Amino acid sequence: MAPVNKAFRVAVAVPLALLPAACGSDAPIRPVTPASVAPSSPVSPASPVAVPAGDPAARARATVKTLSDADLAGQVLMPYAYGDSADKVDAAAAAGNQRIAGVNTPAELVAKFHLGGLILVGFAPDDPTGATNPATNVDTPPQVRALTDGLQAAAARLPGGAPLLIGTDQEYGVVTRVRTGVTLLPSAMALGAARKPALTEAAWHAAGTELAAMGVNVDFAPAADTLGPEGSSVIGSRSYGGDPDANGEQVRAAVRGLQAAGVSAALKHFPGHGHTTGDSHNGLPVVRQSAAKWEKEDLPPFDAGIDAGAGLVMSGHLDVEGLDKGVAATFSRKIMTDVLRGRLKFTGVAVTDAMNMAPAMKWPAGEAAVRALNAGNDLLLMPPDIAGARDGIVAALKDGSLPRARLVEAVTRVLTLRFRKAGRAQPALSSLDSPDHHRAVGKADAASITVLRGACSGPLVSGPVTVTAAGDRETARLALVEELQKAGVDVRAAGGKVVHLVGYGDKRVDLSPEAAVTVSMDTPYLLSVAASPTLVATYSSSRLSLTALAAVLAGKAKAPGRSPVAVPGLPRSACA
């Protein structure tokens, strides 16, 4: 990832689709140097406001009674900001913050709007969600920790003093915000191939501990979407697979792992994005299932995640015809209230998918915000115009188009979740990328490797080996070379039997006709047209996935995985 000091990055590339403020054993890393751009308005140095005593829900109810209409509106907003520091930004980041919020720094944004939360974003051209992330404000774990410490310091000076919800999209696989200095889990589909929820829970507990150490206390994961028979090019390996019941067990395990580490999980994309090839970043996808099919094919993973105690559920910008035809789920009371609250008995925070995506941008920011709240959402993610969203909410309170009871209900849920973060010990940054976490995640990786065609014992390729890769996959290629060499394989720059790597977004033209082994590091569908005598799926290009792959190629480990999606013309596994 490029240095995060280049914090103002406009997403002009190809459009592709939080823990407590309390200190851990590491002293808080707080920015102390003056901002390179002066604050647009002074941030009060006042002491934190006293928090009402009692349990989180009682504290939330008491705090809500003290808030003005504008404060209530701010509590349901969770925008992004420009800049890699809470209170020190460059001129480009300041210009970005001025454009969306009329302030210079992220800390000022929290203070001005009395926000309920803030999402940390990062633009990457190989990310299917990249188009909605016009800024990059995450890089290394120490930088993220300093940023979140500064944001929490700003939040502590606001009425109630509740910890800020600080979230990010750390799904792992193709949607990963912090990519360096952390233990990278494999994609969800890899864990689906492993079929061992206990390993999933352990891996996600490691991930949650590392997020908590960086000050992130909400993770917009896991994806609870079940893939339909035709798959979904948008969700792909972000899903655990095509079996709703098996997916439910994986989602349950991921939620338990994350939340045991103090990070609230957010199930997405309710009521299910796996049965459409449309991309909700660019338009409103249509899901043509009947209500009965939705109940059978999409409901189980969400039900399992809610049963496991997920703190949040994210709505999808999806037209699910069997539930509310013609209405995006985010703006559907039938879906977000009658189904999510009434049928599934979810009592946590309902959060929208990004409000800067096309289906939400058909209205001005204020109108879209009111529509989403009236549907039953409690938290509005990434509004494109923060002042417009706040002012629209305040105006709707005054004219009665947004019932005050509905907004109070939403704010109470948000504040309850925030107060639940208070007082938790924060893990040390030294817990990141640790041997213990590598072992936990490595076991899941090893269980995921799948041979769809080829031998089931001994080396999968004999003699000297040459590793090639499609497209811009040099990092993965070099990592596999290193891991094969560690495993004792003779790897040569040219002339060996070819092991060819393909991954996210690759097509038939990216296959190598002379490859002895073709390895898919994303969904395995492309293997159906590969001519190689040996076909292997890792579903992921993380370093630990490639370590597990090298062990199988060298004959030092079995390949116990089974593809969690059907691949035309191939078995789920040739070996398991």
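**Chatting through a predicted fold**

Colleague: Which strands does helix H8 lie across?
Modeller: Helix H8 (residues 244–260) lies across strand E4 (218–219) and E5, and runs at about 150° to E5. Helices (H or I, at least four residues) and strands (E, at least two) are DSSP runs, numbered from the N terminus. The angle is between N-to-C directions, from 0 to 180 degrees, with axes fitted to C-alpha atoms, for helices over the stretch in contact, and contact means heavy atoms within 4.5 Å. This is a predicted model, where local features need pLDDT of at least 70 and side-chain atom pairs 80 or more, while totals for chains, interfaces and linings use all residues. Numbering starts from 1 along each chain as its sequence is written, and side-chain values use heavy atoms, without hydrogens and water.

Colleague: What's the strand order in the open sheet?
Modeller: E2-E3-E4-E5-E7-E9, six strands with parallel pairing (a pair needs at least two DSSP bridges). Strand E2 (117–120) and strand E9 (349–351) are at the edges with a single partner strand each, so one side of each has no neighbour in the sheet.

Colleague: How many bridges join E5 to E7?
Modeller: There are 3 between E5 (residues 264–270) and E7 (residues 312–315). Leu 267 sits opposite Val 313 in E7.

Colleague: New topic: which residues of H16 are buried?
Modeller: His 437, Ala 440, Val 441, Ala 444, Asp 445, Ala 447 and Ser 448. Buried is under 20% relative accessible area, exposed is over 50%, and partly exposed is in between (1.4 Å probe, protein chains only).

Colleague: And what covers those buried residues of H16?
Modeller: The cover includes helix H6 (188–194), helix H7 (197–213), strand E11 (450–453), strand E15 (534–537) and helix H18 (543–553).

Colleague: How many aromatic pairs are there?
Modeller: The count comes to 4. Rings of Phe, Tyr and Trp (its six-membered ring) pair if their centres lie within 6.5 Å; planes under 30 degrees apart are stacked, over 60 edge-to-face, the rest tilted. Tyr 80 and Tyr 82 have ring centres 5.7 Å apart and planes at 75°, so that pair is edge-to-face. Both Tyr 80 and Tyr 82 are buried.

Colleague: What about Tyr 172 and Trp 204, how far apart are their ring centres?
Modeller: 5.5 Å, with planes at 70°, so Tyr 172 and Trp 204 are edge-to-face. Tyr 172 lies in the loop between strand E3 (165–168) and H6, and Trp 204 in helix H7, so the pair ties together parts 32 residues apart in sequence.

Colleague: Is Trp 204 buried or exposed?
Modeller: Trp 204 counts as buried, at 3% relative accessibility.
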